[in-house]
Amino acid sequence: MIGTKKLEAWFVTGSQHLYGAEILKKVDEHAKNIVKGLNATGQLSVKIVLKPVVTTPDEIFRICEEANTTSGVVGLITWMHTFSPAKMWIAGLSVLNKPFVHLHTQFNRDIPWADIDMNFMNLNQSAHGDREFGYISTRMGLERKVIAGHWKDPEVISQLDVWLRSATGWYASKKVKIARFGDNMREVAVTEGDKVDAQIRFGWSVNGYALGDLAAYIRQVSKQAVDHLCQQYEDEYHVMDALRKGGAAYDSLREAARIELGLRAFLEEGGFNGFTDTFENLHGLSQLPGLAVQRLMKDGYGFGAEGDWKTAAMLHIMKTMSRGLPGGNSFMEDYTYHFDPAGMYVLGAHMLEICPSLTNEKPGLEVHPLAIGGKKDPLRLLFNVPQGSAINVSVIDLGTRFRIIVNEVETIDPPEEMPKLPTARVLWRPMPDLKTAAAAWIYAGGSHHTVFSQSLSGEYIRNFAEMAGVEFMLIDKNTSIHNFKNNLRWNAVYYHSL
Ligand code: MN
């Protein structure tokens, strides 16, 4: 996983020579202060690095080229403290292949009413300098984020961090490498897709590997390593009696540990950051990996069940975006409904594979039969998920383009215990309400599989979709079916005209 500590965004201030050296020195000093101030907030997930004020087309071109080829740079923050004639930006912006945010701010928060003169006006003129830059960005059809407001405004700082995290996700997207064990679940449509197009569009490398090769890794795991990991399980979880030493299912615990160690070694050696499996193809494995998948997700790996590589990729990206934020991210499936008019909910779960990053409680480790697949009973971690806001995210392939769909939801405590349900589960109320959200999701073609995130909001994903140049549909508290369907229709026209 990419360490966000090593990542940076470059702060690029535009100006021109018209003002003379004195003013340019002031511009540089102000930019320095802003960068220092932003880094000092401790609220930004990547380091902001000050770059010299750019005043000519050559300087602008060079900084864009350098940003493209410098590892660890997630994007640019641009700001025109003074007027920077924007034809100077055309060459640079034409080659820039990293995202940029246009920070429309001003060094001084307030107008100094008693002292304001033309010198002040000429220095603090981003109100029109940034409009010139905005024009050329729009004229060139460039996707970017515009954040307006004073740079010390907490809302501005928070919006900037959302963008930086989206850019970190985009940076991680280019490095996604998914191993697929088995193909898609047979005859399933929505988890299919064009892997070549996904690599062109998002940078995802997705390739298949033989189950036999994975099985060989699992067979090579040493007895000592299994002993050690079983002990770790005992320390970290409430292990059911049957799985303890001397218990009837102790062998299953050891087998689950062997699967985890073999799978982990395979992924580490291949430099993968996500994977898929399918219960229809487990040749050489005695049980469907449940516990192993849950623990690997907790460590930052993306995962999609039944061959769902799009969800696996998105999960890894969202885990990278949200690093350091409270809450977890998991593979998820809309499983079953509670249609009580007094409170309508979705119960989300999967057969096994829900990430324990979603909970603060100590999970139970249990073994239960799986109704499908015809293999031995798999181990799984069981837990409930605390209340709070969350999102569900789905990436689908429409044949001619990708669409990312987000539904904002409110996780709630289950009104009653579910003692017979042997899987980790989440109960949520979708925004604006279950009936509208489910209908909108279905009109949009959203998958039954999602990435469920407690750390991120729709805004992070919208920024990401814009960086990737793919369609984004949000279902939130303001969604109405009438407008949502119109948006889908308009988007169809928009994307076919590109
Ligand atoms: Mn599924």
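## Ground rules

Helices here are DSSP runs of H or I with at least four residues, strands are runs of E with at least two, and both are numbered from the N terminus. Keep in mind that this is a predicted model: local features need pLDDT of at least 70, side-chain atom pairs count only at pLDDT 80 or more, and totals for chains, interfaces and linings use all residues. Residues are numbered from 1 along each chain as its sequence is written, and side-chain values use heavy atoms, with hydrogens and water left out.

Start with asparagine 124, which sits in the loop between helix H4 (118-123) and helix H5 (126-139). Its relative accessibility is 9%, so asparagine 124 counts as buried (buried is under 20% relative accessible area, exposed is over 50%, and partly exposed is in between, using a 1.4 Å probe and protein chains only). Setting aside neighbours within four places in sequence, asparagine 124 is in contact with His81, Gln106, Phe107 and Asn108, where contact means heavy atoms within 4.5 Å.

Methionine 240 is another loop residue, placed between strand S8 (238-239) and helix H10 (250-270). With a relative accessible area of 25%, methionine 240 is partly exposed. Beyond its neighbours within four places in sequence, methionine 240 touches Leu365, Glu366 and Val367. Lysine 145 is 95 residues from methionine 240 in sequence and 50 Å from it in space, C-alpha to C-alpha.

Aspartate 397 belongs to strand S15 (residues 388-397) and, at 22% relative accessibility, counts as partly exposed. Leaving out neighbours within four places in sequence, its contacts are Glu192, Gly193, Asp194, Lys310 and Phe402.

## The nonpolar cores

In soluble globular proteins, nonpolar side chains tend to be buried together. A nonpolar core here is a set of buried Ala, Val, Leu, Ile, Met, Phe, Trp, Tyr and Cys residues joined through side-chain atoms within 4.5 Å. The largest one has 84 residues, and Phe11, Phe202, Trp204, Phe275 and Ile461 have the most contacts inside it. Helix H6 (residues 154-173) gives the most to this core, nine residues in all. Apart from it lies another core, of 33 residues, including Val239, Leu243, Val426 and Phe452.

What does phenylalanine 202 contact, leaving aside its neighbours within four places in sequence? Trp170, Ser173, Lys174, Val395, Phe402, Ile404, Phe464, Ala468 and Val470.

## Two helix pairs

The axes of H13 (residues 434-444) and H15 (residues 481-497) come within 10 Å and cross at roughly 10°. Axes are lines fitted to C-alpha atoms, for helices over the stretch in contact, and angles run from 0 to 180 degrees between N-to-C directions. H13 and H15 are therefore roughly parallel to each other (under 35 degrees is roughly parallel, over 145 roughly antiparallel, 65 to 115 roughly perpendicular, and the rest oblique). On the H13 side, Thr436, Ala439, Ala440, Tyr443 and Ala444 meet Ile481, Phe484, Lys485 and Leu488 of H15.

Helix H8 (residues 211-219) packs against H10 at about 120°, with the axes 7 Å apart. That makes H8 oblique to H10. From H8, the residues Asp213, Leu214, Tyr217 and Ile218 meet Arg258, Ile259, Gly262, Leu263, Ala265, Phe266 and Glu269 in H10.
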